[in-house]
Amino acid sequence: MSAPTTATPPGGVGEVVHDAPARGRILPRPVTGQEVVLVVVIAALWLVLGLATPAFFTSGSIIPLLVSMSPIALIGVGMTIVIITGGIDVSVGSIVMVSAVVTAQALVDHGLSLPVAVLLSVLVGGVLGLVNGVLIAYGRVQAIIITFGTLNLFKFVGLQFFGSSTVEGIPATFAFFGRGEAGRTLGIPHSFLIMLVVATAAWFYLRHTAGGRHFYAIGGDAVAARLAGVAVRRRSLIAYVLTGLLSGLAACFVIAQGTTSLAASVGSGTELAVIAAVVIGGTSITGGRGSVLGTVLGALLVQTVTTGVTQLGWQSQLSDLFVGLFIVVAVGADLVRQRSRRTS
Amino acid sequence: MKAAHYKSVVAGVGLALVLTGCGQGSGGSASGGDSGGESGGPTIAFVPKLQGIPYFEAMNAGGQAACEELGCTWLYQGPVEADAAAQADIVRSFIQQGVDVLFVAPNDPDSMAPLLQEAEDAGIKVGTTDTDAPDSVREVFVNQATAEGIGQALTDQIVDAMGGTGRYAIVSCGETAENLNSWIDVQREYTASQYPDVTLTDVVYAGEDQAAATQMATDLLNADPTLTGLVGECTSAAPGVAQAVQDAGRVGQVFTVGLGTPRSMADYLANGSSSASVLWNVQNLGYLTAWAGLQLSDDAGFEASNDVSSDLSGVEYDDSSKTLLLGPPLVITTENVGDFDY
């Protein structure tokens with residue numbers, strides 16, 4: 001039985017899995033080169049911003065930044081796994097919209113408690129993710145086509161809930177996830193902490209368990225993976241359901257970051273922000289390679305740029321320029337890596 | 001077993017019918033159709049920039065009410081997104097239907113102009129409302145407020161809240177939104193000329209995203225601790241800037257005003273994070289649009305000052321620009337916010 005060697009980049013000096021055979025599978029390095037570069041870039045940006053605008057390093061500035069990046073990074077965890085399997089999910093923005101409107105309306109009408117509201121939102125997201133997963137894993141249609149379809153379908157469903165109006169007077173139940181005083185413990189924002197826990201768990205699972213490595217095998221070569229005994233369909237299904245669940249949780253964060261009213265534009269464009277974070281984080285858009293850590297750093301970088309541009313008093317459109325450049329550079333670096341591997 | 005099979009087929013057909021019905025609903029006529037059909041009179045169609053937002057729904061309600069009172073048939077259909085091409089399709093379908101009067105709030109004034117020509121050629125009276133298409137054959141533009149009116153009211157309100165001195169910044173939405181930019185230009189000039197102790201520091205653009213508007217307002221507050229005023233230039237930024245002040249725990253130190261719909265601003269006005277909202281009476285704008293449509297259809301023309309209804313007296317008409325002006329902007333505070341249901 002051949003190991004999913006496609007999933008292991010060259011030069012991986014990492015440790016050997018304990019129960020692996022002697023000639024065993026070699027894990028990639030715990031931190032990739034791209035991630036090191038990202039950390040350096042973010043550190044440099046923070047330093048420059050700290051010098052340029054003294055207010056940058058105050059908690060009043062850093063906390064909102066961390067809160068703001070959390071929903072993108074959280075969905076990014078699921079999206080990373082989906083993209084590692086060679087798929088993509090462009091419907092996450094609509095999933096956020098449906099989860100947010102259902103939950104916000106329930107909060108207004110029934111005054112749900114925090115745990116119940118979170119559960120509702122996560123469940124709605126999970127159901128929509130299941131629709132994607134079943135269609136892609138068992139319908140054997142390309143993921144971009146299916147999720148492009150469900151992007152519109154889910155949006156239609158969401159618009160029915162909005163019913164030509166907005167949701168007004170949302171209670172402050174979700175202040176627990178917000179950027180205000182109620183949203184942090186010991187100075188650390190809850191939404192960021194939750195995202196970090198989820199990302200760490202996913203990072204460990206993807207890296208250190210056989211099940212996790214299977215996702216890479218599918219993205220590397222789905223046929224080979226199936227022949228090697230990987231449950232390709234089930235794994236794909238899990239990836240999309242997980243992305244749906246996390247989008248549902250992210251919808252709670254989005255409500256918390258917004259105002260007491262919710263408009264139908266909620267979630268629109270989220271898919272692009274998430275995919276940008278994943279790609280900047282070094283995950284290969286063709287599948288088989290990538291890491292959750294990179295995605296979290298990618299989301300942090302994008303939000304740092306947006307915040308930086310605003311705080312420096314530059315034109316807002318410059319943040320689009322910078323994010324665009326980061327994406328191009330990140331994809332370029334990925335291509336260079338792939339070519340050098342092929343020729344080596 | 002056969003019966004069960006038959007039942008499922010019936011159910012299937014029923015479901016298909018329901019789905020088709022839904023599909024048509026999504027395409028457009030949210031509340032249009034034959035609502036005023038029996039009242040006779042001319043048919044007035046209104047195509048908003050997009051349907052399903054409270055702003056245009058309120059305009060629709062106003063137009064509908066006018067047609068019930070004055071005797072006309074009011075049709076309302078718009079695209080699901082603010083998209084010029086989708087809007088053009090709807091305009092074409094109204095031309096096909098041969099309505100008597102057609103009002104449009106164009107997403108793209110330039111590409112709408114030839115369609116309005118087409119409508120006129122088909123014998124339809126055409127007008128614009130909410131947003132103008134200046135280089136078109138439209139016979140009237142129903143203007144909610146002048147750029148000066150909105151820009152000056154926003155400036156007066158924020159300066160008043162700040163106590164006549166200090167620095168303020170603007171969170172706007174689309175960078176290319178012409179009406180927002182024209183208000184911002186007025187604010188710049190008016191602030192400089194009227195309030196020498198007040199500085200407009202910065203204008204940022206958040207798109208139509210509430211969370212982004214709130215985050216950008218937070219960033220502005222952090223970048224400049226001496227900032228004491230924020231203006232939310234559109235309906236998503238107006239509650240956003242107030243929320244940012246509330247989250248930062250600086251209610252009473254930093255003041256906000258915005259262009260927000262009454263219901264979305266009610267909570268913020270109540271807790272003091274927003275001092276005032278500047279808007280116009282959207283329902284009256286719809287009413288005035290329907291009334292203008294009737295005048296067009298009757299070839300009645302407009303006076304320099306028109307008494308439209310008990311609510312709308314002395315509506316000014318400017319013959320050189322063929323523009324009806326709803327009136328001065330409406331300032332919404334805790335006093336009157338409860339009077340509106342949108």
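Reader: Which strand of chain B do two bridges join to S9(B)?
Author: Strands are DSSP runs of E with at least two residues, helices are runs of H or I with at least four, and both are numbered from the N terminus. Two strands pair if DSSP finds at least two bridges between them. Gly258(B) stands opposite Ser277(B). Two bridges therefore make a pair, and the parallel partner of S9(B), with residues 276-279, is S10(B).

Reader: How are residues, chains and ligands numbered or lettered, and what pLDDT do local features need?
Author: Residues are numbered from 1 along each chain as its sequence is written, while chains are lettered from A and ligands numbered from 1 in the order in which they are written. This is a predicted model, in which totals for chains, interfaces and linings use all residues, side-chain atom pairs count only at pLDDT 80 or more, and local features need a pLDDT of at least 70.

Reader: What is the handedness of the β-α-β unit made by S9(B), helix H9 of chain B and S10(B)?
Author: A crossover is right-handed if, with the strands pointing away from the viewer, the path from the first strand over the helix to the second runs clockwise. Here the path leads from S9(B) through H9(B), residues 262-271, to S10(B), and the unit is right-handed.

Reader: Are the residues on both faces of S9(B) buried or exposed?
Author: A residue is buried if 20 or more other C-beta atoms lie within 10 Å of its own, exposed if 12 or fewer, and partly exposed in between, with C-beta atoms placed from the backbone. Phe255(B) and Val257(B) lie on one side of S9(B), and Thr256(B) and Gly258(B) on the other. Both faces are covered, and these four residues are all buried.

Reader: How many bridges pair S6(B) with S8(B)?
Author: Strand S6 of chain B covers residues 166-172. Ala169(B) has Leu230(B) in S8(B) as its bridge partner. The pairing is parallel, and the number of bridges is five.

Reader: Which strands of chain B stand at the edges of the open sheet of six strands?
Author: The order of this sheet is S7-S6-S8-S9-S10-S14 (chain B), and the pairing is mixed. Each edge strand has a single partner strand, so one side of it is left without a neighbour in the sheet; the two are S7(B), residues 198-205, and, with residues 330-332, S14(B).

Reader: What angle does the direction of helix H5 of chain B make with that of S9(B)?
Author: S6(B) and S7(B) pair in the parallel sense over six bridges, with Gly166(B) opposite Val198(B). H5(B), residues 147-162, packs on the sheet and touches S6, S7, S8, S9, S10 and S14 of chain B. Axes are lines fitted to C-alpha atoms, for helices over the stretch in contact (C-beta atoms, placed from the backbone, within 7 Å), and angles run from 0 to 180 degrees between N-to-C directions. The angle is about 165°.

Reader: Which helix gives the most to the side of chain A that touches chain B?
Author: The contact takes 34 residues from chain A and 33 residues from chain B. H2, H5, H9 and H11 of chain A each supply at least two residues of the side of chain A. With four residues, the helix that gives the most is H2(A).

Reader: Does Gly267(A) count as buried or exposed, and why?
Author: Gly267(A) lies in the loop between H9 and helix H10 of chain A. Beyond its neighbours within four places in sequence, Gly267(A) is in contact with Gly93(A), Ser94(A), Val96(A), Met97(A), Ala100(A) and Val254(A). Because Gly267(A) has 27 C-beta neighbours inside 10 Å, it counts as buried.

Definitions and conventions
Two residues are in contact if their C-beta atoms, placed from the backbone, lie within 7 Å.
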